[in-house]
Amino acid sequence: MPVPSHPTRRSLLFGTAGTAALLAAGTGTRFGTGAPATLAPVSRAGSAADVAVLLTAAPTTVDLGARDVATWGFGDRIPGPEIRVAAGGTVAARLRNDLPQDTTVHWHGVRIDQRMDGAPGFSQAPVPAGGDFDYRFVVPDPGTYFYHSHVGTQLDRALYGALVVEDPAEPLSYDAEWTVVLDDWIDGTGTDPDAVLTELRGNPKSPQDMRSTLLGGSAGHVAYPHYLVNGRAPEAPEVFEEAPGRRVRLRLINAGADTAFRVALGGHRLTVTHTDGFPVLPVRVDTLLIGMGERYDVLVTLEDGVFPLVAAAEGKNARAFAVVRTSTGDAPPASADVPELDRRVLDLADLTADPSVDPGDEPAREVDLVLRTGGARGTSWTIGTADAPDDTSVRVAVADGERVRLSFTNNSRIWHPVHLHGHTFRVRRSGGGGPLKDTVVVRPRETVTVDLLADNPGEWMLHCHNVYHSELGMMATLGYGDAPPDTIMPGMAPERH
Ligand SMILES: [Cu+2]
């Protein structure tokens, strides 16, 4: 099958040195003064490329600090190269596929032109081994995002990186910022994610020793041998250095596949300012839980000393770990006691969207969806409807411009971080005013309701961001119009499980 070509593929300067290199940070289109028009229509117009990047997906060996592992990544470091662009600017990313199988890149959380969404079978044919694909899209909203492969279990390798969209009129004041990408790691440790999937396909175990009150039941399926902050195991952690008294913005991203993290910085409280890219009224907490695919931005004013930054693998009795240093002295051990982990934890109900991003009217229509474990042995996972809970091909049909309410009821015994592509929704809360998000945690026996403005036509994935659940069927479609187009891409129908 030919690789789909895109009419804007041209005129970019791509270097050849290195496997993954940021090539240019131009000074092209920027939004002007004042607050960005948040939730403005998604732009499909090509503007001058602000940032061009070459992402070469290839087999590689990465040093985790604890060991070297053979894996697939965008270069020899984890995460892949951080991409930074100003809101309103354009990202031009050439994906070169040197993997032995198909791949794509999905721009997680970005309200993107659907042709650039990197969803195989939905927005493009997967890029075959040896092929390439040019992604080119406008980033409409400032915030913390990330990119990752959307084929098979590739997310559970090293095929991810941060995407930071800067606000040309940044309203927050801070002295520095750190990107903190969390991950659960198993690849190259004597097994790999495909073997994990094969095992879960036959036996969807939820180990009894991996439970969490905070997650309302089973915490996950996989006891990973390593948990990482910015690609580093606790044995050789990332060290963030700043001067005491400085205010730092942490951009927290969970790029894991089966692990929620409970994040805290010893000796500090966290002021939560954003979730999934969008601002909230600031909330002060000691710790927060971040599911796969979620992002949180927090501000901290640094004390004088050396502090443990811990991301406890929730319910898994292990942790990811980094060090925050503002003075000389011994670093704390990875096992350091962090009492903040057991103090006030952020609750979704604590979050109120900043008034600058209030999405407006109430929806007129509600669609009820059911998250469920199905099959005789509990080996399939579905996003079904109340009438057909085991349906693995649900398509939520919306009209362009319509406001729709989606409710997710979790009838399974494990939590699910539900992610919608191409849109940002408002999590509904009693009393109104919940946060804007694209990924939301739904615990067992819980119903979470979100309001959506359907303003970005296309066929979009709606799925659990536990990569094993989505690979085993927990995938629906949100599509515009009564029926999907005959061909989403030429000769390409969505692959269904
Ligand atoms: Cu799930």
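The following legends describe close-up views of a predicted model.

Local features are reported here for pLDDT of at least 70 and side-chain atom pairs only at pLDDT 80 or more, whereas totals for chains, interfaces and linings use all residues. Residues are numbered from 1 along each chain as its sequence is written, and side-chain values use heavy atoms, with hydrogens and water left out.

View A. His416 (ND1), Cys464 (SG) and His469 (ND1) coordinate the copper ion at 2.0 Å. Donors are N, O and S atoms within 2.8 Å of the metal (3.2 Å for Na, K and Ca); water is not among the atoms, so sites may look incomplete. Along the chain, the donors follow the spacing H-x47-C-x4-H. His416 belongs to strand β27 (residues 416–420) and His469 to helix α2 (residues 467–471), so this pair ties together parts that are 53 residues apart in sequence. Helices (H or I, at least four residues) and strands (E, at least two) are DSSP runs, numbered from the N terminus. His416 is buried at 0% relative accessibility, and His469 is buried at 1%. Buried means under 20% relative accessible area, exposed over 50%, and partly exposed in between (1.4 Å probe, protein chains only).

**View B. An open sheet of six strands.** The strand order is β13-β10-β15-β20-β17-β18, with mixed pairing; two strands pair if DSSP finds at least two bridges between them. β13 (226–229) and β18 (278–285) stand at the edges with a single partner strand each, so one side of each has no neighbour in the sheet. From one strand to the next, the twist averages 25°, where axes are lines fitted to C-alpha atoms and angles run from 0 to 180 degrees between N-to-C directions. Strand β10 (residues 176–185) and β13 run antiparallel and are joined by four bridges. Trp185 stands opposite His226 in β13.

**View C. The loop that contains Asn230.** Asn230 lies in the loop between β13 and β14 (239–241). Phi of Asn230 is near 50°, a positive value in a residue other than glycine. With a relative accessible area of 12%, Asn230 is buried.

**View D. The loop that contains Arg445.** Arg445 is placed in the loop between β30 (439–442) and β31 (447–453). Although not a glycine, Arg445 has a positive phi of about 65°. Arg445 is exposed, with a relative accessible area of 67%.

**View E. The cis peptide bond between Ile78 and Pro79**. Omega of this bond is about -5°. Pro79 is found in the loop between β3 (68–73) and β4 (83–86). Most peptide bonds are trans.
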